[in-house]
Amino acid sequence: PKIDQIKVDVEGAEMDVLRGMTTLLGKSPSTKLIMEFNPALLQSAKVPPSDMIQELISCGYNLSSIDEKQGVIPIEQLNVQDLVTELVREDRSINLYCVKA
């Protein structure tokens with residue numbers, strides 16, 4: 001079946017899920033993703049947060065941050081390292097909205 005959107009919130013294992021659904025995403029190229037982005041949990045899983053961002057981009061996705069305070073912001077408008085630092089300091093996460101380019 002065609003899949004329109006997938007929400008992934010797996011407490012730091014997002015990279016494993018992303019890599020595991022390569023075939024599914026290939027069969028449904030217009031699938032949108034909402035991925036939790038929690039740098040502290042990613043680091044606990046031995047995944048540099050920037051690697052997750054780069055993996056999504058290399059899969060052909062345009063990324064936006066869904067922030068409770070600021071709304072939807074294209075990732076190009078953010079300093080990813082500053083965002084990671086802030087999220088770790090505040091022990092919080094955001095969601096990334098990922099749409100194929």
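Is Arg89 buried or exposed? In this predicted model, Arg89 is exposed, with a relative accessible area of 61%. Arg89 also takes part in a salt bridge with Glu90, in which the closest N and O atoms are 3.8 Å apart. Glu90, at 35% relative accessibility, is partly exposed.

Side chains of opposite charge can pair when their charged atoms come close. The count of salt bridges in the model comes to four. Besides its pairing with Arg89, Glu90 forms a salt bridge with Arg92, and here the closest N and O atoms lie 2.6 Å apart. Arg92 in turn is bridged to Asp67, with a separation of 3.6 Å between the closest N and O atoms. Arg92 is located in the loop between helix H5 (80-89) and strand E5 (94-100), while Asp67 belongs to strand E3 (residues 61-67), so this pair ties together parts that are 25 residues apart in sequence. Asp67 has a relative accessibility of 9% and, because this value is under 20%, counts as buried. A network of salt bridges links Asp67, Glu86, Arg89, Glu90 and Arg92.

Asn38, which is placed in the loop between strand E2 (32-37) and helix H3 (39-44), is in contact with Arg92 and Ser93 when its neighbours within four places in sequence are left aside. Asn38 counts as buried, at 12% relative accessibility. The side chain of Asn38 reaches the backbone nitrogen of Ala40 at a distance of 3.2 Å.

Strand E2, which ends at residue 37, is mostly covered, with five of its six residues buried. E2 pairs with two strands described here. Strand E1 (residues 5-8) and E2 run parallel and are joined by four bridges; in this pairing, Lys7 stands opposite Ile34 in E2. The pairing of E2 with E5 is antiparallel and extends over five bridges, with Met35 standing opposite Leu96 in E5. In a regular strand the side chains alternate between the two faces of the sheet.

E5 is paired with E2, and the loop between helix H5 and E5 holds Arg92.

Terms used. Residues numbered from 1 in each chain as written. Predicted model: local features only at pLDDT ≥ 70, side-chain atom pairs only at ≥ 80, totals over all residues. Heavy atoms only, no water. Salt bridge = Lys/Arg side-chain N within 4 Å of Asp/Glu carboxyl O. Buried < 20%, exposed > 50% of the residue type's maximum accessible area, 1.4 Å probe, protein only. Polar contact = N/O pair within 3.5 Å; in protein donor to acceptor, adjacent residues only side chain to side chain. Contact = heavy atoms within 4.5 Å. Pairing = 2+ DSSP bridges.
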